[in-house]
Amino acid sequence: MNYSTLKKTVGLSLVSLMVIGAANAQTTGSSTTTTAKVFGGSGQYNTWSIGVNVGALSPTLATGGGSDFPGNVVTLGYGLSVKKQLAHSFALQLDLRGGKVQGTAGNRGFVTDQRTGNNYIKYSTPFWQGTISGVVNVATIDYLRRENAINFFVSAGAGLVNFNPTIYGATTPGYPTIAQETYNTASATNLNPHTVTNLVIPIGAGVKFKLTDALGLNLGYTENFLDGDVFDGVNAGYHNNDHYSYGYAGLEYTFGSKSKANLEWVNPVAMMYDELYDEALRKEVAALKGRVTNVENAVNDLKKDSDGDGVADQFDKCPNTPAGTVVDGSGCAIVFPKVEAPVAAAAPAAVAYSNIQFEFDSSVLRTSSYPVLDASSADLRASGSKVELDGFASSEGTAAHNLVLSKDRANSVKTYLVNSGVDAKKIKVKAYGETMPIADNSTEDGRVLNRRVQFKK
């Protein structure tokens, strides 16, 4: 099959696919339209579409970039696309594209192949390309309307391109005339047909117009970057990799039931607005407000207390009790028997030489210890006896710290006694730290008792 026959066959196939798709939509569609819900899933929408396009191929790019053959020649290109819309703004698209890219030497006069030294004036490369791209709807100029009608999109992907370039020899004086050649990776002069396959990266942008919910018009532009420098048949040493561009117009048809909306054209904000203002929902909210009002009124009735005695009227068996009256749970006054105030018992006399207790990590005397200290001082002064003050601590902290703390506690007691008139020579101080506890240091009550100074006569 030659190139012309192949091109006609592809064109007929594309038309056939569109006719079959339209017929399928007519037979499977329904005249009943259902309302999609927010967060209802993609099953509420039509998401598969097929498109055909035709446009102009060029070896140059709108964004710039050099080429071995700088002379621009515009040729015909065509393609087929199959798209799956995954979300309102994102889709995956399979593109099949064909055509013939041509270029000339332009102002250079001819291009020299660095591998063979031969000179060429132009090339012609028929190709077939298949790619998968992500398509993102980045904006719409109809964001103030309920439904989108014009979407702007960008796309990027990867795939393979299969091509067979033909290069034409130069007739420049001083250089040999070279006949038309079909490129071969083994030899540039081999006339046997040979195709080449390269990785291709398509990057594009465009705008889509809504004709109907199922049919859209695409206007787009794609720049295709090849992973190789043989698309034009020569390696002139000017650039590393070849490229070409494709500007196109095409129709895209979305398959599915007429009862479902096209996911690409749905406006999620409008859907949320409709759900918030749904008549049934508003009636349900109004009924709920009525029930809440009834509950509030019932609660207010339960809280009503006319005489202010703290018992609601519904449960008050003795209404209109005087203000300030102490009442029971039924709202009736409580009569309390008179109780004579007990005579306060005399505080026990302080016992001399009782243990002096201290606060945690402190050697400051408590005021509650003064009666014991005063009684001990009076006895020592009257008898002239000698006394030993033994200081102790609980087990918190290090042993060294507790030893110093116990000595400070004993010295605090000695200072008080000396200031009250006891001869300092008759007072001896010893520190025992956390040793010799009189209670369990694992409990707080025990540790309180161990923070002490003992008198030893």
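The protein chain folds into six helices and 18 strands; helices (H or I, at least four residues) and strands (E, at least two) are DSSP runs, numbered from the N terminus. This is a predicted model, in which local features need pLDDT of at least 70 and side-chain atom pairs count only at pLDDT 80 or more, while totals for chains, interfaces and linings use all residues. Residues are numbered from 1 along each chain as its sequence is written, and side-chain values use heavy atoms, with hydrogens and water left out.

**Confidence**

- The mean pLDDT (the predictor's confidence in each residue, from 0 to 100) of the protein chain is 80, and 77% of the residues score at least 70.
- Among the elements of the chain, strand β2 (residues 48-58) has the highest mean pLDDT, 97, and helix α1 (residues 3-28) has the lowest, 40.
- Residues 1-34 stay under 50 in pLDDT. For this stretch the model has 34 contacts (heavy atoms within 4.5 Å) beyond four places in sequence.
- The pLDDT is also below 50 over residues 172-193, a stretch with 48 contacts in the model beyond near neighbours in sequence.

**The chain as a whole**

- Of the 457 residues, 37% count as buried. Buried means under 20% relative accessible area, exposed means over 50%, and partly exposed is in between (1.4 Å probe, protein chains only).
- The chain exposes about 25,200 Å², and carbon and sulfur atoms supply 60% of this area. Accessible areas come from the Shrake-Rupley method with a 1.4 Å probe; for residues, only the protein chains shown count as cover.
- Among contacts with a separation of 6 or more, 67% are between residues 24 or more positions apart.

**The disulfide**

- The structure holds one disulfide, a term for a pair of cysteine sulfur atoms within 2.5 Å.
- C318 and C332 form this bond, with an S to S distance of 1.9 Å.
- The torsion about the S-S bond of C318 and C332 is about 75°, so the disulfide is right-handed.
- C318 and C332 are 14 residues apart, and each is placed in the loop between α3 (279-303) and β15 (356-357).
- C318 counts as partly exposed because its relative accessibility is 24%, whereas C332 counts as buried because its value is 18%.

**Salt bridges**

- There are 12 salt bridges, each being a side-chain nitrogen of Lys or Arg within 4 Å of a carboxyl oxygen of Asp or Glu.
- K208 and E264 meet in one of them, at 2.7 Å from N to O. K208 lies in strand β11 (residues 196-210) and E264 in the loop between β14 (261-262) and α2 (268-276), so the pair ties together parts that are 56 residues apart in sequence.
- K208 is buried at 2% relative accessibility, and E264 is buried at 3%.
- The side chains of K210 and D213 form a salt bridge at 3.7 Å, N to O. K210 is partly exposed at 22% relative accessibility, and D213 is partly exposed at 32%.
- E444 and R447 are joined by a salt bridge at 3.1 Å, N to O. Both residues lie in helix α6 (residues 444-450), three residues apart, which is about one turn of the helix.
- E444 is partly exposed, with a relative accessible area of 42%, while R447 is buried at 17%.
- K83, K208, E252 and E264 belong to one network, joined by salt bridges that share partners.

**The nonpolar surface patch**

- W48, V82, L86, F90, L92, L94, L96, I132, V136, V138, F152 and V154 make a nonpolar surface patch of about 980 Å².
- Patches are made of residues with over 30% relative accessible area and no salt bridge; like charges are joined within 9 Å, and nonpolar side chains (Val, Leu, Ile, Met, Phe, Trp, Tyr) within 5 Å.
- Strands β5 (90-104), β7 (119-140) and β8 (150-163) each supply at least two residues of the patch. β5 gives the most, with four residues.
- L86 is found in the loop between β4 (75-85) and β5. L86 is partly exposed, because its relative accessible area is 43%.
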